[in-house]
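Dear colleague,

Please find the structure we discussed handed over below.

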Amino acid sequence: MLLALTRSITCYSLLISEATEGSDPMLAVDAIAEILKREGTEFLIGYPVNPIIEAAARADIRTIIVRQERTGLHMADAVSRVTSGDRIGVFCMQQGPGTENAFGGVAQAYGDSVPIVVLPAGYPRTLTNIPPNFNAFLNYQHVTKSIEQVMVGAAVPDALRRAFTQVRNGRPRPALVEIPADVFREEVPEPLSYKPAPRTRSAPDPRAVEEVARVLVAAERPVIYAGQGVHYAKAWPQLRELAELLESPVTTSLEGKSAFSENHPLSLGSGGRSMPEAVYRFLHAADVILGVGCSFATTSYGVAMPRGKTIIHATLDPADLNKDVVAEHALIGDAALTLEALIAAVREQIKTPRGRAEAVAAEIASVKAGWLEQWMPKMVSDETPLWPYRVLRDLWQTVDVANTIITHDAGSPRDQLSPFWETTTPLSYIGWGKTTQLGYGLGLAMGAKLAHPDKLCINVWGDAAIGFTGMDFETAARERIPILSILLNNFSMAIELPVMPASTEKYRSTDISGHYADFAKALGGYGERVTEPAEIVPAIRRGIEATQSGTPALLEFITQKDFTYSMFGR
Ligand SMILES: Cc1ncc(C[n+]2csc(CCOP(=O)(O)OP(=O)(O)O)c2C)c(N)n1
Ligand SMILES: [Mg+2]
């Protein structure tokens, strides 16, 4: 194998020397920086040692150095998410430990289908395929959409073209290009004839659209279930138009949250492990469910589709079709083009809405009112330690929700925040959970802030979550990425209490401790510990003020070990 590899390198070098004849040399590493510029990369997030960091700085791309690779990947991930993939987050790291430690960040982006470009250095070619050296090409196979190892400098532009083409087209997921350390110093032919990768869209089969339109028009109780494909296609107006035309209620997955304004009379809210009661009730009473831009993947952190319904599955990726739910009808294509085609086909059959909306809206409003009433005592409680629901409601009432981007974390904060946070603008909530790495939310908020410095970017997390990525609060302070971090400190892994009674009682296995407001201050941020209900809102205001002056703020609320969630059917 080694012999074959050596032979192919020699052949390639021959080809290159012919191609480069008469042109100036350019180093592969500088070609990468130039290509990133052409692809619109405004900041390179990374961790040393990787020579792309130096080359990017020489090319005036802002470099952002994190405290550990995982958070950097989460930041890159958010850049792609909150720009609908218009800007692709790019991350680089060193061979060996850097590549080993970055695995979680790439795996999370893969699980949640986020398009990022990952550029690890590799061991020099003499060592690339020799144990025990960590080989990214071999080890990242199952958490990437495309992956390659560049064996000669001249192949770098083609490899990056392939990677950017993959993240911009079809199902979004990470693309990885591993560059052995000695390849960076090789030359690429000049002039560099690199054009940014195109972004294409595909539309569903018109005959299937006709058929689906008939099913939707005939439905008595349709529900639209929107996933993050709507965000990537920016199909928010089309989703609304179809919902209003059909007078159909709309719910979203966690990833699709904020694709449909949640204060719209037809909104049921979003569903994850916990959900508003209306999501559960309407899905169960539905005859037809139209999933658009969603995977329908079976997950503990998503809505289980009730059996016995007519399922229409509109998705970009046929690999998801008939995987977890049986779909009677399928539309394969971009969510915006799909919805536009459906709107036109439905309008052929019904020119204007049939007058159901008012009754549907009244039913939603009544379920919602009854549901909120049950939770209200905790939301307005003056008890101490604070109820998480009280903190989160005060937060919601204090910030400008439309100009905020918020994300949850794994654990109770996700299940306590997502059903109740009512979004009004697209991409104002970063929902996630196909895999649920504790500590993901911090990097997401930081990446969102980089992409949208004008917005208030918040992560809500628990004291177990901060244990994973907390040190990167220092990155937020050092790099002037002023996020607002809401920490619910209950000195416990509360969500695990019901499943760890013996170890908790005997060995206190779910207890954890820390003073995170002091920690935030020690890292150069604003920190405040809040114990009294009356102090919640003033503290939030002080935190926001700190962010407005360029300092990240961490507000540590001392809360109850609460593990009550709005769950149904589990
Ligand atoms: C990396 C990782 N390991 C383990 C888990 C499993 N897990 C989910 S939530 C949780 C504890 C959460 O505790 P905390 O963040 O304090 O939130 P609380 O429920 O106490 O509010 C654990 C261990 C996970 N999601 N991610
Ligand atoms: Mg906790």
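**The sheet and the ligand shell**

In this predicted model, I224 stands opposite L290 in β12. The pairing in question joins strand β9, residues 222-226, with strand β12, residues 288-292; the two run in the parallel sense, over 5 bridges.

These two strands belong to an open sheet of 6 strands, whose order is β11-β10-β9-β12-β13-β14, with parallel pairing. At the edges lie β11 (267-270) and β14 (329-332), each of which pairs on one side only. From one strand to the next, the twist averages 15 degrees. In general, strands of a sheet pair through backbone hydrogen bonds, in either a parallel or an antiparallel arrangement.

A helix also packs on the sheet: α13, residues 335-349, touches β12, β13 (310-315) and β14. The direction of α13 makes about 140 degrees with that of β12.

I turn now to the ligand. Which residues come nearest to ligand 1? There are 18 residues around ligand 1, and those that come nearest are G411, S412, G462, A464 and A494. The largest share, 3 residues, comes from α18. By class, the shell around ligand 1 comprises 9 nonpolar, 7 polar and 2 charged residues.

With kind regards

How values were computed. Residues are numbered from 1 along each chain as its sequence is written. Chains are lettered from A and ligands numbered from 1 in the order in which they are written. This is a predicted model: local features need pLDDT of at least 70, side-chain atom pairs count only at pLDDT 80 or more; totals for chains, interfaces and linings use all residues. A residue is near a molecule or strand if its C-beta atom, placed from the backbone, lies within 6 Å of it. Helices (H or I, at least four residues) and strands (E, at least two) are DSSP runs, numbered from the N terminus. Ala, Val, Leu, Ile, Met, Phe, Trp, Tyr, Cys and Pro count as nonpolar, Asp, Glu, Lys and Arg as charged, and the others, Gly among them, as polar. Two strands pair if DSSP finds at least two bridges between them. Axes are lines fitted to C-alpha atoms, for helices over the stretch in contact, and angles run from 0 to 180 degrees between N-to-C directions. Two residues are in contact if their C-beta atoms, placed from the backbone, lie within 7 Å.
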